[in-house]
Protein chains: 2
Amino acid sequence: MPDISKRSASRRKGRSRGQKRVSTIARAPYIKRKIATFDILNEEGLCLIEENADKILRDIGMEFHNDPEILEYFRDAGADIEGERVRFEPGMCRQIIQASAPRQYTQHARNPENNVEIGGDNTVLSPVYGPPFVHDIDNGRRYATLEDFSNLNRIHQMLPQLHHCGGIVCEPVDLPVNKRHLDMMLSHITYGDRALFGALIGSERAEDSVAMVKILFGDEFVDQNTVLYGVSNTNAPLVMDDAMSGSLKVYARNNQAVACTPWMITGAMSPCTEAGTLAQLLAEALATCALTQLIRPGTPCLMGSFATAMSMQSGAPTFGMPEAAKTVLAAGQLARRLGVPFHTVGSLTSSKVPDSQAQQEGTMSLIMAVLAGANFINHATGWLEGGLCTGFEKTIIDADLCGKLIEFCKGIDLSANAQAMDAIAEVGPGSHFLASAHTLSNFESAYYNSTSGDANSFEQWQSEGSQGTAQRANKIWKGLLDEYQQPAIDAARLEALQEYVERRKAEMPDQSY
Amino acid sequence: MPDISKRSASRRKGRSRGQKRVSTIARAPYIKRKIATFDILNEEGLCLIEENADKILRDIGMEFHNDPEILEYFRDAGADIEGERVRFEPGMCRQIIQASAPRQYTQHARNPENNVEIGGDNTVLSPVYGPPFVHDIDNGRRYATLEDFSNLNRIHQMLPQLHHCGGIVCEPVDLPVNKRHLDMMLSHITYGDRALFGALIGSERAEDSVAMVKILFGDEFVDQNTVLYGVSNTNAPLVMDDAMSGSLKVYARNNQAVACTPWMITGAMSPCTEAGTLAQLLAEALATCALTQLIRPGTPCLMGSFATAMSMQSGAPTFGMPEAAKTVLAAGQLARRLGVPFHTVGSLTSSKVPDSQAQQEGTMSLIMAVLAGANFINHATGWLEGGLCTGFEKTIIDADLCGKLIEFCKGIDLSANAQAMDAIAEVGPGSHFLASAHTLSNFESAYYNSTSGDANSFEQWQSEGSQGTAQRANKIWKGLLDEYQQPAIDAARLEALQEYVERRKAEMPDQSY
């Protein structure tokens with residue numbers, strides 16, 4: 001692989017300034033968790049869910065719509081095919097997955113310092129995915145554009161709390177629907193140097209994603225290494241359509257990762273109980289993860305979980321609720337027993353603005369994803385309005401929470417220095433530790449330094465304009481854009497990518513679907 | 001015990017309307033946790049902290065200022081006394097505590113339906129304690145008055161998510177400092193019928209608390225049962241002064257509970273590392289819990305933990321930070337090993353207003369207290385500005401989080417109904433669960449229904465005035481005050497209490513300290 005991310009001295013300097021502004025946390029390419037997971041189900045409960053998932057796959061099965069090729073893969077593997085319905089003997093999918101799916105893999109970034117390890121005790125935080133709107137407190141909510149998209153990419157690149165470029169950080173609705181994926185990928189590669197998402201919907205766009213990373217990394221490198229992260233959602237209950245199986249096939253054939261993620265507004269798309277939802281979720285994840293291994297044994301796949309409750313009063317989806325928390329914790333346990341990395345979702349909320357509701361729901365949701373031992377957390381920052389809107393201030397406020405959780409995941413240091421027995425003896429009763437040798441030698445790294453919070457006195461806060469969190473966050477993201485410097489990239493490769501995008505766009509008429 | 005809380009039919013009706021408005025959660029007197037605790041330290045780590053605490057108590061010891069009687073208790077028990085310094089042989093405090101302190105006890109409320117079980121797998125949520133200011137979005141921040149105090153008591157009584165009256169829900173600074181405790185206790189007894197706090201500071205005020213509950217419950221009942229919850233803070237590092245030991249002695253002698261709670265702004269009052277803080281915290285808790293048992297073996301005591309980091313940049317205390325989260329989880333483990341209930345703190349924040357920061361910090365803080373297995377969570381609602389201010393809207397927003405965590409603590413139902421296998425078979429692939437028999441028979445109780453959040457569409461939210469969470473919460477607390485009905489109380493006892501308060505106030509000149 002060529003050196004496509006050589007850094008100039010000036011860029012290093014610029015980045016370092018930006019990081020200081022954002023957080024005192026040291027940038028690490030991903031989280032290495034030193035804390036346990038939170039296990040909400042015991043062995044008996046887990047076995048029950050697994051048995052129920054097996055019964056669902058045997059007695060009901062799953063449907064794969066408009067994709068006869070998929071049915072052939074399953075037929076060849078010994079599944080029972082009836083029309084588009086596929087049924088599996090108990091244990092069959094698990095066996096297929098465990099025979100070849102990696103427990104952990106590396107996703108390469110164009111800057112090798114940003115390669116991420118996905119699986120094991122590692123967690124990767126990725127920004128919001130999918131919203132057609134953006135929100136900031138200056139302009140309110142509006143349709144997103146490519147300019148917003150690229151600005152979000154610049155901001156994300158400057159945030160040390162994020163580990164991944166993300167995908168559709170907002171949907172640039174100023175571009176034709178059938179061509180956006182090309183501009184989005186080019187924007188990601190141009191403005192960031194972290195690991196990339198592949199396009200979500202349909203084989204053609206997935207092929208474009210693969211073609212572009214081949215230009216960036218080289219054909220052979222891509223065949224032998226994982227450089228794209230794809231998500232494949234089921235249409236719960238128990239269906240996958242060809243838009244999703246189409247991209248899944250492309251990524252699996254090319255050795256690129258697929259997060260097989262049942263997407264469930266529970267009560268509508270799954271039962272309104274956690275145990276029922278979990279069995280269905282596991283059944284869908286088993287069948288689709290198995291599919292990736294039938295297509296190319298050994299290609300990385302993740303078990304995903306996105307289950308959130310529908311309001312039984314209004315029919316609206318809700319986020320950050322206790323039922324979703326319980327479900328994600330159990331899903332993480334099920335993924336670890338299956339032996340594949342676990343993908344889930346982060347700071348979700350129904351709130352339209354970056355206010356109390358947004359942080360109460362988002363904080364609960366992201367903490368639970370971390371405690372569930374998630375290996376990849378999508379939507380870790382920026383999500384508003386049930387995923388319809390990316391918030392600029394919300395991104396900054398959520399990144400602050402990400403920083404707190406990065407520190408939390410380090411666990412408790414039990415070194416002699418951390419035990420501080422000499423300090424306690426030195427200070428003794430009734431004094432203070434401010435001037436102790438221990439404090440003086442540890443204070444710089446002692447504590448997480450909140451970026452968006454204000455711990456000052458009321459009087460000082462008032463004298464500084466009585467600003468709320470969103471106002472402070474507004475200043476921060478603007479500062480990041482000011483300080484942003486584009487990461488270095490091989491000029492010839494960038495030109496080749498631009499040419500590819502132009503050529504592909506010229507080949508297609510504009511379409512709005 | 002006489003029936004001092006007979007309910008009238010009209011009151012029941014009124015209460016039921018209030019609850020419906022606040023939440024769909026069923027009112028329960030306390031949380032019975034069906035989930036595990038989150039253990040952040042392993043056996044080795046826990047033993048290390050315990051050994052270090054023992055070393056601190058042996059080599060450094062703890063000081064008890066201006067209270068020779070305390071020193072006599074310790075001397076009689078075999079501790080080494082040097083001036084006001086008390087040193088303990090390793091294991092001595094633990095042995096004293098484990099010989100007599102109850103692992104669980106009942107705190108009686110004047111309405112027996114509101115009795116709380118403290119210890120074991122139970123969690124009691126109590127409102128904010130101590131702020132001299134109040135805040136609402138109509139009037140901003142201002143000094144608190146007795147009217148605010150009583151209004152907060154009315155609101156708390158209407159919130160099914162709270163289990164306890166709390167104590168100084170705000171500090172009524174319009175009253176003389178030396179008499180406030182009398183008016184506060186009378187307000188609590190008048191406007192609520194849940195379990196009570198005793199006054200915090202000094203033996204005289206603690207004696208007043210005991211005298212008043214004796215009027216309420218009867219002398220013998222109070223001697224044989226616990227009806228007051230007292231907190232006794234150390235002045236970390238390793239000091240307890242007579243204001244705290246004074247009230248501790250009164251409560252312990254009267255069989256009333258004391259939460260022995262080292263209060264630490266870490267980095268100033270303890271080392272700036274979690275392991276150092278935990279050893280000091282455990283040492284202070286061991287010495288003060290042991291003291292309660294030396295005074296009256298078998299009187300309830302709790303191990304408390306209130307450790308939060310000081311900003312190394314500004315010197316301000318911070319809240320909801322990762323270091324506090326790690327510390328509370330480990331402290332919970334240490335308390336369970338000691339075998340006494342665990343007391344800690346809830347929804348803390350430095351924010352001056354009920355905004356994003358308030359909920360990011362508060363949510364992290366309260367979730368960690370719950371995962372730490374806390375048996376009593378003080379400041380579960382309402383805390384703003386580092387504890388200097390009680391927020392009316394913050395109270396409502398935090399109570400919503402309490403409701404979510406109450407649901408979360410129920411764990412995952414694995415009954416046949418919850419497994420929903422018939423529903424999954426009935427619906428099958430590609431349909432939906434909205435009209436399934438399972439959904440129809442479960443939808444009313446299926447999900448937590450957020451009180452302060454808005455899950456509606458952007459358009460509907462906009463048409464309703466684009467309100468933020470705080471604006472919705474403002475309506476809710478005003479509605480609760482409108483719907484509030486005073487719980488029934490025996491008129492003769494209330495009159496006797498009023499007489500006691502008047503008499504005691506007449507006996508003392510007003511003082512501002």
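Mentor: In helix 6 of chain A, A:His181, A:Leu182, A:Met185, A:Leu186 and A:Ile189 meet A:Arg205, A:Asp208, A:Ser209, A:Met212, A:Val213 and A:Leu216 in helix 7 of chain A, where contact means heavy atoms within 4.5 Å. Helices (H or I, at least four residues) and strands (E, at least two) are DSSP runs numbered from the N terminus. This is a predicted model, in which local features need pLDDT of at least 70 and side-chain atom pairs count only at pLDDT 80 or more, while totals for chains, interfaces and linings use all residues. Residues are numbered from 1 along each chain as its sequence is written, chains are lettered from A and ligands numbered from 1 in the order in which they are written, and side-chain values use heavy atoms, with hydrogens and water left out.

Trainee: At what angle do helix 6 and helix 7 of chain A pack?

Mentor: Axes are lines fitted to C-alpha atoms, for helices over the stretch in contact, and angles run from 0 to 180 degrees between N-to-C directions. Helix 6 (residues 180-191) and helix 7 (residues 203-217) of chain A pack at about 30 degrees, with their axes 10 Å apart. The two helices of chain A are therefore roughly parallel to each other, a label for angles under 35 degrees, with over 145 being roughly antiparallel, 65 to 115 roughly perpendicular and the rest oblique. Helix 6 of chain A passes helix 7 of chain A in a right-handed crossing, in which the near helix is turned clockwise from the far one by less than a right angle.

Trainee: What is found for helix 6 and helix 7 of chain B?

Mentor: In chain B, the axes of helix 6 (residues 180-191) and helix 7 (residues 203-217) come within 10 Å and cross at roughly 30 degrees, which makes helix 6 of chain B roughly parallel to helix 7 of chain B. Helix 6 of chain B passes helix 7 of chain B in a right-handed crossing, and their contact includes B:Met185 of helix 6 and B:Met212 of helix 7.

Trainee: What volume does the second largest pocket have?

Mentor: On a 1 Å grid over the protein atoms alone, a pocket is an open set of points where a 1.4 Å probe fits, with protein on both sides within 12 Å along at least five of seven lines, and lining residues have an atom within 4 Å of a point. The second largest pocket has a volume of about 820 Å³, the space filled by probe spheres set on points joined across faces, edges and corners. Of its 42 lining residues, the closest to the centre are A:Tyr129, A:Gly130, A:Ile168, A:Leu200 and A:Asn233. Among the elements that give two or more residues to this lining are helix 7 and strand 11 (228-235) of chain A, whereas helix 6 of chain A gives the most, with five residues. By class, the lining has 23 nonpolar, 15 polar and four charged residues.

Trainee: Where is A:Pro237 found?

Mentor: A:Pro237 lies in the loop between strand 11 and strand 12 (239-240) of chain A, and a cis peptide bond, with omega about 5 degrees, joins A:Ala236 to A:Pro237. A:Leu238 is found in the loop between strand 11 and strand 12 of chain A, and phi of A:Leu238 is near 60 degrees, a positive value in a residue other than glycine. In chain B, a cis peptide bond joins B:Ala236 and B:Pro237, with omega about 5 degrees.

Terms used. Nonpolar A, V, L, I, M, F, W, Y, C, P; charged D, E, K, R; others polar.
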